[in-house]
Amino acid sequence: MRAFAVFLAARLIRALIAVWLVSTVVFVVMRLSGDPVPLLLPPDAPRSEYARVAHEIGTDRPLPVQYAVFLGHVVQGDFGRSIHFRLPAMRVALDYLPATVQLGLTAFALAVLVAVPVGVISAVRRNTAIDHAAMAVALVGQSAPTFFLGILFILLLSLKAGLLPTSGRGDWTHIVLPALTLGAFSMASIARLTRSALLEVLRQDYVRTARAKGLREWRVVAKHAFRNAAIPVLTITGLQLGTLLGASVVTETVFAWPGLGRLAIHSIYNRDYPIVQCVVFLSALVFIVLNFAIELAYGFLDPRIRPR
Amino acid sequence: MASSIPASVPADVLAVEEARGGRVARRTRRLVAAGVVFVALLALMAITAPWLAPHDPVRQSLRVRLAAPTLAGADGLAHPLGTDHLGRDVLSRTIFGARVSLVVGFAAVAVGSVVGAALGILAGYRGGWTDTVIMTVADAQLAFPFVLLAIGIIGVLGPSFPTLVVVIGLSGWVDYARVLRSQVLVLKGREFVDAIQALGGAVPRIVVRHILPNVLSTLVVIATLQLARAIVLEATLSFLGLGIQPPTPSWGGMIQEGREYLDSAWWISIFPGCLLLLTSLVVSRSGDWLRDLLDPTLRSE
């Protein structure tokens, strides 16, 4: 138990370093982007007015002081006020977070529910037409750019076949295409990995023993092989959840899904930098917390993964 | 592989296994060659674009707006892949678009591989604090969605060629650093490195003359996989309006421009998109095949 506590502490420190690095990059980029004061002033403002605003937002102070003040604000979740919404940036971002979480979780569930059975069937029916077809689709799914996949789905399934709505957030039909698009990469990766992990296990001696004692094939696969193949699959699956979050910026833009990603892109167009900073930071934080939680879960699921 | 085969296996079975292995390797070599030919053709297309493209990629013509693929358009000219909302020829724009994809892709890979390889070799060779710091930063970068940060950085700094190349390049440095570090750790323990050290070889010379040649094949494999990533990332950023700016044609930008006309003029988005998809698929598969061929131990699926 003590070793596990040390492992957790190490991971926690790593997570904190990641959060700190993200905030530092955000700070450096904001400073590189130029003086924010003219953005807040009318073009004909007198110099005294400039000095007053600079003093107010703190840009007249030395850089290390500005950095310290910035970190202090970050710890409190304070990224300033949105220029566009005229509200604290964090409040706006939190309003958009649920849509992103809903899309991410749906995409993730869809990916796992489709990919694992496909991977199992591919492995069991190895080298058949089903296997070849499934793996060819998976390969394309793994290298297809997310945004183009979304465009293809809209063209074929919405515009031509008229099955599903093209964009927006409404009843359940609205989430199918975005979730499929967002989950495609994970689906492909999980299917390929499930197949190769299961093939690896099916070669083992204990599987041969199970077959030799006359068990039915589906029982061999379900009870003896699949459980052992599940560990690497779980590891990759956990990592995919984080990847989904990063990719959702693109998917949300394609499908006009009102989540964090679309908010970020719109704020970039509007030059509403407090929101941009806040969304980047908030997403990074969610991602880091998620990974930390997944690592915690592994520790409980598989004692062998608990190192040292 | 041979050591895992029990001694009782008859010699002819071994011969069959070996012949199969040889066949597989030969097939893989052919596939890699096909991938290289594909990229070479794409590069040739990009270089010769001004002569190859039937029309000026930025010339607008209101008479042939949103024309479907045709060999005799309203302006009396052939538009085999149709025209876009400004009457620009989609085929010519797709051909010119390869320039942006390849130039940004290769430049980003150059930045990423130089930074990643240097830091990875440094971490592996020096060890100690250097190693700890470099690997902590690498872990931290993997610990959050870098694409989002990239979008934020480019959004704030404004899209320009150098910003794009540096941001896309740096988004991939961790892959090089982690793999090369572990390879250098192994190499460092080998006798030939000890021998050169004992002979008084200077560290930069050891690294360049003796370590680098030994990790070169790994570097090529990672760079190939990263090239596919960089091309897709560039197209994604262009699609979001954060890449190379119009009127310069880029595949991502074209897909974005055609999005509004998807229902009436699907060809604007779909042709460049299919070429992008094909490029990404071929380059990343070539990376996989190259890995199988050069360094099967890297396989991590």
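1. Of the 308 residues in chain A, 38% are buried (20 or more other C-beta atoms within 10 Å of the residue's own, with C-beta atoms placed from the backbone). This is a predicted model, in which local features need pLDDT of at least 70, side-chain atom pairs count only at pLDDT 80 or more, and totals for chains, interfaces and linings use all residues. Residues are numbered from 1 along each chain as its sequence is written, while chains are lettered from A and ligands numbered from 1 in the order in which they are written.

2. Chain A has 12 helices and 0 strands; helices are DSSP runs of H or I with at least four residues, strands are E runs of at least two, and both are numbered from the N terminus.

3. The C-alpha trace of chain A spans about 90 × 60 × 30 Å along its principal axes.

4. Among contacts in chain A with a separation of 6 or more, 71% join residues 24 or more positions apart; a contact means C-beta atoms, placed from the backbone, within 7 Å.

5. Between the chains, the contact takes 41 residues from chain A and 35 residues from chain B. On the chain B side, the elements giving two or more residues are H4 (128-142), H5 (146-157), H9 (203-239), H10 (251-259) and H11 (267-294).

Terms used. Contact = placed C-beta atoms within 7 Å. Buried ≥ 20, exposed ≤ 12 C-beta atoms within 10 Å, placed from the backbone.
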